[in-house]
Amino acid sequence: MTISSGNDSTNSVLSTCPLLQLAPLEAVLFDIDGTLCDSDPLHHHAFSVLLQEIGFNGGVPITDEFFVENIAGKHNEDIGRVLFPNDHERAVKFLDDKEAMFRKLIKEKLEPIKGLYKLTKWIEERGLKRAAVTNAPRANAELILSILGLTDFFQELILGSECERAKPFPDPYLKALELLKVSKEHTCVFEDSVSGIKAGVAAGLPTVGLTTRNLSELLMKAKPALLITDYEDSKLWTVLDELDKMGK
């Protein structure tokens, strides 16, 4: 059963949340873009500027809806096929330029999701294993983790491009379980996109969805175990406090 973001009572959360079946919790897996940091607006800006420069869609800027449906959370190979379905070489060049612009933007404007360091401290204090699992290029992922001060926090960094299949397929999360040597019965995922939530769920992992930039109604279709607004959401801490008690 899925718990949506809203004014659920504590008893309702504790009686229905699949995350409680994970006790004792052993590992936590995080997406990066939109999950550790609010980076989607910067991606959107870079895509918009460069697509307008080449006259994509007659020079009309891409809409938020287009970005969410075709770009957010997706692997660059898939994005390239949408933007340039008949020109792979052009897609690769465009996306390389876009990522270079994005990396310049994040050096000045990247912000962590509210409550992120409260959660990472909680994870560290309990000695849980952790990995970052992303469809982003390695250069982006490593730069973001460095800016956020989380390079040493994560024990593994798994890229969709280095797996047989990227998200929304489960391969990156299954690889994370293998590298961390943990069981899916005691591991959860944090994600912010439909693509990412689908990947976590397909891997058999209870997945917490963040409504960073995507609508709750859209994320719910991917069947997250819990939806939260950020890492200070009381629903999350109700569940984590209960997991603490159950794990003792």
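**Entry 1: β5 and its neighbours.** I looked up the pairing of β5 with strand β6 (residues 226-228) in this predicted model, and I found that the two strands run parallel and are joined by 3 bridges. Within that pairing I noted that leucine 210 stands opposite isoleucine 228 in β6. I then turned to strand β4 (residues 187-191), which pairs with β5 in the parallel sense, again over 3 bridges, and there I found glutamate 191 opposite glycine 209 in β5.

**Entry 2: the side chains of β5.** In a regular strand the side chains alternate between the two faces of the sheet. Which residues of β5 point which way? In strand β5 (residues 207-210) I saw Thr207 and Gly209 pointing one way, with Val208 and Leu210 pointing the other way, and I noted that all of them are buried.

**Entry 3: α4 against α5.** Two packed helices are described by the angle between their axes and the distance between the axes. For helix α4 (residues 76-83) and helix α5 (residues 88-109) I wrote down an angle of about 120 degrees, with the axes 9 Å apart. Angles of 65 to 115 degrees count as roughly perpendicular and those over 145 as roughly antiparallel, and α4 and α5 are therefore oblique to each other. I also noted that α4 passes α5 in a right-handed crossing. The contact is made by Asn76, Glu77, Ile79, Gly80 and Leu83 on the α4 side, and by His88, Ala91, Phe94, Leu95 and Glu99 on the α5 side.

Note on methods: Residues are numbered from 1 along each chain as its sequence is written. This is a predicted model: local features need pLDDT of at least 70, side-chain atom pairs count only at pLDDT 80 or more; totals for chains, interfaces and linings use all residues. Side-chain values use heavy atoms; hydrogens and water are left out. Buried means under 20% relative accessible area, exposed over 50%, partly exposed in between (1.4 Å probe, protein chains only). Helices (H or I, at least four residues) and strands (E, at least two) are DSSP runs, numbered from the N terminus. Two strands pair if DSSP finds at least two bridges between them. Axes are lines fitted to C-alpha atoms, for helices over the stretch in contact, and angles run from 0 to 180 degrees between N-to-C directions. Angles under 35 degrees count as roughly parallel, over 145 as roughly antiparallel, 65 to 115 as roughly perpendicular and the rest as oblique. A crossing is left-handed if the near helix is turned anticlockwise from the far one by less than a right angle, and right-handed if clockwise. Contact means heavy atoms within 4.5 Å.
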